Amino acid sequence: MAETHPNPNPNPNPNPNPNPPPITSTCHIVAIPYPGRGHINPMLNLCKQILSLKPHFFITFIVTQEWHSFLSSYKKPPNVRFRTIPNVIPSELGRANDFPGFLEAVATNMEEPFEKILDELGLSVDVIVADTYLDWVVRVGNRRSVRVASFWTMSATVLSVFLHFDLLQQNGHFPVELSERGEEVVDYIPGVPPMRLLDLPTVFHGIGRQVLPRVLEPASTVSKAQYLLFTSVYELEAGVVDALRLKFPFPVYSLGPSIPYFELKDNSCLTTRDQNDDVPDYLKWLNSQPEKSVLYVSMGSFLSISSAQMKEIVSGVCGSGVRFLWVSRGDTTLFKDVNDNTGLIVPWCDQLRVLSHPSIGGFWTHCGWNSTMEAVFCGVPMLTSPIFWDQIPNSKKIVEDWNIGWRVKRGGDLESLITREEVAKLVKSFMELENDEVKLMRKNAKELQEACQAAIAGGGSSHTNLESFIRDILQGKAK
């Protein structure tokens, strides 16, 4: 799941296109993401992917009012029209302040205004692409005889775990106390590599259980959709995707990575060594650093670690002697002694461009799925520091299944404090290019990068799946 933000514009126009131009289109798609950045971004990228193959398709993209205010400067294709529905909760409350309440509001407050927009579109809808967590869209589509594509923005592995919750119960693995049984292995979910109970999403244990029903219901509703779309790359999760194709009677497509790779030159990693005036300062700084010498640090912005742990991490990274580029959205006083020779602190950056830069040698990440896909696409090894939800199994996948990263905390206790001395030693070893273990990790990362870039090329798995999905839409329209 992904962060929300306060709304800087409390009274946005509920219809940002009151007089849209006449529409001439061979197909009309309605796209509605879950109201969070980690869901909206891949949905936008999917729309761009579709329009890259079918520029005459028309897409109505529906977001909450607060998110439209953030997207007002977004460079959208001409055949995308934004429409808005009211915010699900008062924006000043914020999602992080009451996460269970936010999930409940998304489940109950969006359906009526969404249907109102459908009634007002003035154009028939050929298919609705909806975030899987908006399970009520499937009901709306079925009532209106409009096909729905369920769009899953996490790993296929995580969806399969949710879909097979009954197996966890049958095998006595829910409920359990992780402190007593966390090392027990779950090896019976079809297509999913064996994992410890400790590697399951956080909704299966502790305080996370309070939102488990709101997770399982959308997963169970997938079976009532007409398509299932993944932001993953087939080659990265072939076993679980194949198993899910056997489970469902409708098409299952891996279309990822649903990241803005089409904005990179030639669909490959940039070599940004120029010093043009329009190049951001952080890229100019990277241009002056040796190849693979910089650790990129970004821990997300929805949930954060304790201030005590952050202090140790900052001190450890600074004391490692490794160059770093750090995205810090909050208090930067911990970085007061950092100088431009060794580190740079920024409030925001174009993450894919940074990961694509030849100076980047590693990525300290909270393991959100979009960040994971961007790092894999750019062939960058990861230091995993998960906090919440699917970040835990994503970390396991990075470290154990793909062998392209190390855990920051190697034990199962994510709450324990890692000291600055441990951080400094870890970072220094991780960025040591001559280390044999690091060489193997970088080799594996390069191979996955090549698999991702082959998938989006003509004839690749993602490109072929996207063509098949579009063909299915058009065939259904003709019936």
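1. Contact, as used throughout this note, means heavy atoms within 4.5 Å. On that basis, Glu-111, Phe-114, Glu-115, Leu-118 and Asp-119 in α4 meet Trp-136, Val-137, Arg-139, Val-140, Arg-143 and Arg-144 in α5. The residues of this contact divide into five nonpolar, no polar and six charged, where Ala, Val, Leu, Ile, Met, Phe, Trp, Tyr, Cys and Pro count as nonpolar, Asp, Glu, Lys and Arg as charged, and the others, Gly among them, as polar.

2. The model is predicted, so local features need pLDDT of at least 70 and side-chain atom pairs count only at pLDDT 80 or more, whereas totals for chains, interfaces and linings use all residues. Residues are numbered from 1 along each chain as its sequence is written, and side-chain values use heavy atoms, with hydrogens and water left out.

3. The protein chain has 18 helices and 15 strands, taken as DSSP runs numbered from the N terminus (helices H or I, at least four residues; strands E, at least two). Of its 479 residues, 59% count as buried, meaning under 20% relative accessible area with a 1.4 Å probe and protein chains only. The accessible surface of the chain comes to about 20000 Å², of which 50% belongs to carbon and sulfur atoms; the areas come from the Shrake-Rupley method with a 1.4 Å probe. Among the contacts with a separation of 6 or more, residues 24 or more positions apart account for 68%.

4. To return to the helix pair, α4 (residues 111-120) and α5 (residues 136-144) pack at an angle of about 40°, with their axes 11 Å apart. Axes here are lines fitted to C-alpha atoms, for helices over the stretch in contact, and angles run from 0 to 180 degrees between N-to-C directions. The crossing of α4 past α5 is right-handed, that is, the near helix is turned clockwise from the far one by less than a right angle.

5. Six strands form an open sheet with parallel pairing, in the order β12-β11-β10-β13-β14-β15; two strands pair if DSSP finds at least two bridges between them. Because β12 (343-346) and β15 (405-407) stand at the edges with a single partner strand each, one side of each is left without a neighbour in the sheet. From one strand to the next, the twist averages 15°.

6. Within this sheet, four bridges join β11 (residues 323-327) to β12 in the parallel sense, and Phe-324 stands opposite Gly-343 in β12. Helix α12 (residues 307-319) packs on the sheet, touching β11 and β13 (360-365), and its direction makes about 150° with that of β11.

7. Strand β13 is mostly covered, with six of its six residues buried. It pairs with β10 (residues 294-298) over five parallel bridges, Val-297 having Trp-364 as its bridge partner in β13. Three parallel bridges link β13 with β14 (residues 382-384), where the bridge partner of Thr-365 is Thr-384.

8. Two loop residues deserve a separate look. Val-233, in the loop between β8 (227-230) and α10 (238-247), counts as buried because its relative accessibility is 1%. Leaving aside neighbours within four places in sequence, Val-233 is in contact with Ser-254, Gly-256, Pro-257, Cys-452 and Ala-455, and its C-alpha atom is separated by 9.4 Å from that of Tyr-253, 20 residues apart along the chain. Thr-132, in the loop between β4 (127-131) and α5, is likewise buried, with a relative accessible area of 3%. Not counting residues up to four places away in sequence, Thr-132 touches Ser-150, Phe-151, Trp-152, Pro-218 and Val-222.

Notes. Buried < 20%, exposed > 50% of the residue type's maximum accessible area, 1.4 Å probe, protein only.
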